[in-house]
Amino acid sequence: MPKMKTNSGAKKRFALTGTGKIKRKHAFKSHILTKKTKKQKRNLTHTGLVASVDSNNVKQMLCLK
């Protein structure tokens, strides 16, 4: 049986924490930034965690499950 292939897009976008949670970046920070407030852009800078309902799908894409 062949090896499982990791989803190339997912491995660029997600990272694991030490406790096994999945880190992600926020969307809407790449362009059209002039109409967004400083506070909004600042809050989009920080990383977030993948929601628990989505974590199984992401783990499957990363071949962790």
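**Figure 1. The bridge between A15 and K23 in a predicted model**. A15 has K23 of β2 as its bridge partner. This bridge belongs to a view of a predicted model. Strand β2 covers residues 22-24. Its pairing with β1 is antiparallel and runs over two bridges.

**Figure 2. The open sheet of three strands**. The strand order is β1-β2-β3. Pairing within the sheet is antiparallel. β1 (15-16) and β3 (48-49) are the edge strands. Each has a single partner strand, so one side of each lacks a neighbour in the sheet.

**Figure 3. Helices and strands along the protein chain**. Three helices accompany three strands. Their pattern along the sequence reads α-β-β-α-β-α. The sheet takes its strands in the order β1-β2-β3.

**Figure 4. Overall dimensions of the protein chain**. The C-alpha trace spans about 50 × 25 × 20 Å along its principal axes. The radius of gyration is 15 Å.

**Figure 5. Burial and surface of the protein chain**. Of its 65 residues, 14% count as buried. The accessible surface amounts to about 5800 Å². Carbon and sulfur atoms contribute 55% of that surface.

**Figure 6. Contacts across the sequence**. The contacts considered here join residues at least 6 apart in sequence. Of these contacts in the protein chain, 51% link residues at least 24 apart.

How values were computed:
Residues numbered from 1 in each chain as written. Predicted model: local features only at pLDDT ≥ 70, side-chain atom pairs only at ≥ 80, totals over all residues. Heavy atoms only, no water. Pairing = 2+ DSSP bridges. Helix = DSSP H or I, 4+ residues; strand = E, 2+ residues; numbered from the N terminus. Rg over C-alpha atoms; globule rule 2.2 N^0.38 Å. Buried < 20%, exposed > 50% of the residue type's maximum accessible area, 1.4 Å probe, protein only. Contact = heavy atoms within 4.5 Å. Areas by Shrake-Rupley, 256 points an atom, 1.4 Å probe, with all protein chains shown as cover.
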